Amino acid sequence: MHLNNFTESDIQKFTGQRRKMIETHLVNRGIKDLSVMEAMSRIPRHLFVQESFQHQAYGDHPLPIGENQTISQPYIVGLMTEALRLTGKERILEIGTGSGYQTAVLAELAEQVFTIERIKSIGLSAQKRLGQLGYANVVFKIFDGTYGWRDQGPYDGILIAAGAPDVPQALLEQLKDSGRLIAP
């Protein structure tokens, strides 16, 4: 992560709460992957929520991000990321960019992240924020994620941020044979 348009003070704000989030919501609930915990300890989650909710950013609950969408609770972000078993060499497809927080975690741990958001205003906001934080290994698309992003695949991992009754066949077809698909 690089600081392009945020000050060091912006990033360091809530450092104690970020540490507590790792201990309370990840370690104490069984997350064991040190790289996931380290990535989440570096990322200023409060910059991914509306200013009026920043004081709640490190609690273990979802928060509204606009357009009737939410940022996932830290434990779920950690659990789903850990389940991908990232080594740093993967190409990951994320379905549901949302605020971009999960995207940032993936970008810290994978070689390349392709992320799709269906709601234009949310996707553009996340793209701007991630750019300001210096994430250069993320490629964005505003589109219906149930179709995936075939021309960039196949993927080592696919993370679906929102629940669905079934996994779309198009996503399964874009996953490498040894890949993992993670969904809530």
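This is a predicted model: local features need pLDDT of at least 70, side-chain atom pairs count only at pLDDT 80 or more; totals for chains, interfaces and linings use all residues.
Residues are numbered from 1 along each chain as its sequence is written, and side-chain values use heavy atoms, with hydrogens and water left out.

Now show strand E1 (residues 63-66) with E2; they run antiparallel, joined by 3 bridges. Strands (E, at least two residues) and helices (H or I, at least four) are DSSP runs, numbered from the N terminus. Two strands pair if DSSP finds at least two bridges between them. E1 and E2 form a hairpin with 2 residues between them. Click Glu-67 in the turn: its phi is positive, about 55°.

**The sheet.** Next, colour the strands E5-E4-E3-E6-E7. That is their order in an open sheet of 5 strands, with parallel pairing. Strand E5 (138-142) and strand E7 (175-182) stand at the edges. Each has a single partner strand, so one side of each lacks a neighbour in the sheet. From one strand to the next, the twist averages 20°. Axes here are lines fitted to C-alpha atoms, for helices over the stretch in contact, and angles run from 0 to 180 degrees between N-to-C directions.

Zoom in on strand E6 (residues 155-160) beside E7. They pair in the parallel sense over 4 bridges. Pick Tyr-155, and find its bridge partner Leu-175 in E7.

**Two helices.** Select helix H6 (residues 120-132). H6 lies across strand E4 (112-117) and E5, and runs at about 165° to E5. Contact means heavy atoms within 4.5 Å. Leu-124 is found in H6. Leu-124 is partly exposed, with a relative accessible area of 41%. Buried means under 20%, exposed over 50%, partly exposed in between (1.4 Å probe, protein chains only). Draw a distance from Leu-124 to Lys-141: their C-alpha atoms are separated by 9.3 Å, 17 residues apart along the chain.

Move to helix H5 (residues 101-109). How many of its residues are buried? The count is 9 of 9. Among them are Tyr-101, Gln-102 and Glu-108.
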